Each structure stands twice: as C-alpha cells, then as structure tokens.
Amino acid sequence: MKKVFSILSLALLLSACSFHTGNISSGTPIDCPIMYIASGTAGTTRFLEIGGLNKDALIMEAKNDLYRKHPYTKNIKLSNFSVDYKNTFFFPFHTTKVTVSADVYNCNIKFSDSLDDKSVFRVNGFKIGDEVFIESYMIPEISLGKVMNHLAGNLVLVGDGGIKLGKNGTAFSYSSIYRAVKDPENVRYFGIDIGEKFPISVVNYETGIKYKTECTVIGINHESAIVEFITTKGKTLRMSIEKEKLHQ
C-alpha cells in the first residue's frame, strides 16, 4: 500500500497543469482592412514560489514586445487589445506567461480606394463573389470565405458573413486564397480545375511511412492547390500542395 501511495504521490508532484485567464478591450472602430493579429509576450518563472523579483510589469513588457515586432505608424494601426494569462504549475516550478495581442489594420488601403467592381472581371483569376478557401496564419484552419473586393497593393478583401474575418472582411494576399468554384475558365487561369484527381505521396505521421493515395482538388490559385484525400484510417484530410507536385 505504501508503494502505491508513494507512486501516486510522485505522479502528483510531477504532474503539470495550466490555468488560463484573459480580458479584451474594444478599441475605436477602424475603417481599414485587418492584416493580421499581432502579439507580444513576457513571462517569469518561480522555484517553490521564490523568484520573479526582476519582473515588475509583465503586461507592459509584453506590450513593449508587441510594439517592437509591429511598430505603430501613421497608416498601420493597432486596436482591440487583449491580454491572456497562462499560469503553469510543474512542481516545484510555477511559470506565468502574459500575451498581449491586437488587430493590425492597414490604412494604406482604404475601402474607397478599391478597384471599380464593374470594370474588373477577374484579378489573378478571382472574381468578386467567388467562394474561396483561405489558408493563413491568421486563422487556425483552412476555412471558406467569399471575395468581397480587389484592393490596391495586390491584396484581396475576403469575408465570411460572420465575425471570424471581421465585419468588413479581412485583406489577404492572392497566394493565401484558393478559388473553390468549378469553372472551365479555371484551366485557362490556373492550369487545372476543381474536382480533378491526382495521385500524391503522403506521410503517415504516426508511423513515418510514406504511402500513395488519390486526392481531389477542391481549391486552386496560381501557385498551389487545396486537396482532399482519405487517410489509411478512413479520415478525410485537407492540405495545400504545390501544383507542380500534382503532375509528378
């Protein structure tokens, strides 16, 4: 019994847990496309709750880190700040990490500066109203959106009708979006069309073994494609792949 108690005690001491808290501050509405979410961090570690005296203001340090990475300029504006706290306990250590984040708006691009919708049929192969897949570090997974407008600076405004991409949409580069509409004209602009099938090599990350399977193209741009395929376990996955690899 003592042995079991000792093992349980050791497991409890060596176990780790984290607690997350945070808050959001709504800033002044900015009528410019959102570029991305920027963040800065700061932290401290204590041993048996001793230490951390060299840190006076973690939020201020995290905010300074944010401004070092993303300087505030006349036409690049930050708003909607949030603060997240992560306290991790791994006996005998206690670490605190503070992350300050903010939406970054590019006011070099005004919605009023957008190209005239009626004069543009396609830009980089995309039309206004096109359903597109989005692959960007700004969002956690490949998501669907709709082209709202073509912007100056070789950017495209994409919205999703919800809050994920903001009320007025979000600006992306054309390489971050993939046309999801089947159209014979896709071959002219992108070389392939939605629904085409190709053999690809995929690595099973559990075993490290590479195997061949068939994929279906569900999104395309000038450089890459979003493909869908079935894993060896019968799960449907999506990923981006360079188009030239589809023809190998």
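This is a predicted model: local features need pLDDT of at least 70, side-chain atom pairs count only at pLDDT 80 or more; totals for chains, interfaces and linings use all residues.

Colleague: Fine. Where is threonine 213, then?

Modeller: Threonine 213 is in strand E11, which covers residues 209-220.

Colleague: Is threonine 213 buried or exposed?

Modeller: Buried. The cut-off is under 20% relative accessible area, and threonine 213 has 19% relative accessibility, so it counts as buried.

Colleague: What does threonine 213 touch, leaving out residues up to four places away in sequence?

Modeller: Phe198, Pro199, Ile200 and Val202, plus Phe229 and Ile230.

Colleague: Switching topic. Where does glutamate 185 sit?

Modeller: In helix H3, residues 185-190. Its relative accessibility is 29%, so glutamate 185 counts as partly exposed.

Colleague: And how far is glutamate 185 from glycine 125?

Modeller: They are 60 residues apart in sequence. In space, the C-alpha to C-alpha distance is 8.8 Å.

Colleague: Now helix H2. What span should its 12 residues have?

Modeller: H2 runs over residues 58-69 and, at 1.5 Å a residue, should span 16 Å. Its end C-alpha atoms are 17 Å apart, which agrees.

Colleague: Which residues of H2 are buried?

Modeller: Leu58, Ala62, Asp65 and Leu66. Seen down the axis of H2, the buried residues fall within an arc of 100 degrees, so they line one face of the helix.

Colleague: What exposed residues does the face turned away from that buried side carry?

Modeller: Met60 and Arg68.

How values were computed. Residues are numbered from 1 along each chain as its sequence is written. Side-chain values use heavy atoms; hydrogens and water are left out. Helices (H or I, at least four residues) and strands (E, at least two) are DSSP runs, numbered from the N terminus. Buried means under 20% relative accessible area, exposed over 50%, partly exposed in between (1.4 Å probe, protein chains only). Contact means heavy atoms within 4.5 Å. The expected span of a helix is 1.5 Å times one less than its number of residues. The arc is that of the directions from the helix axis to the C-beta atoms.
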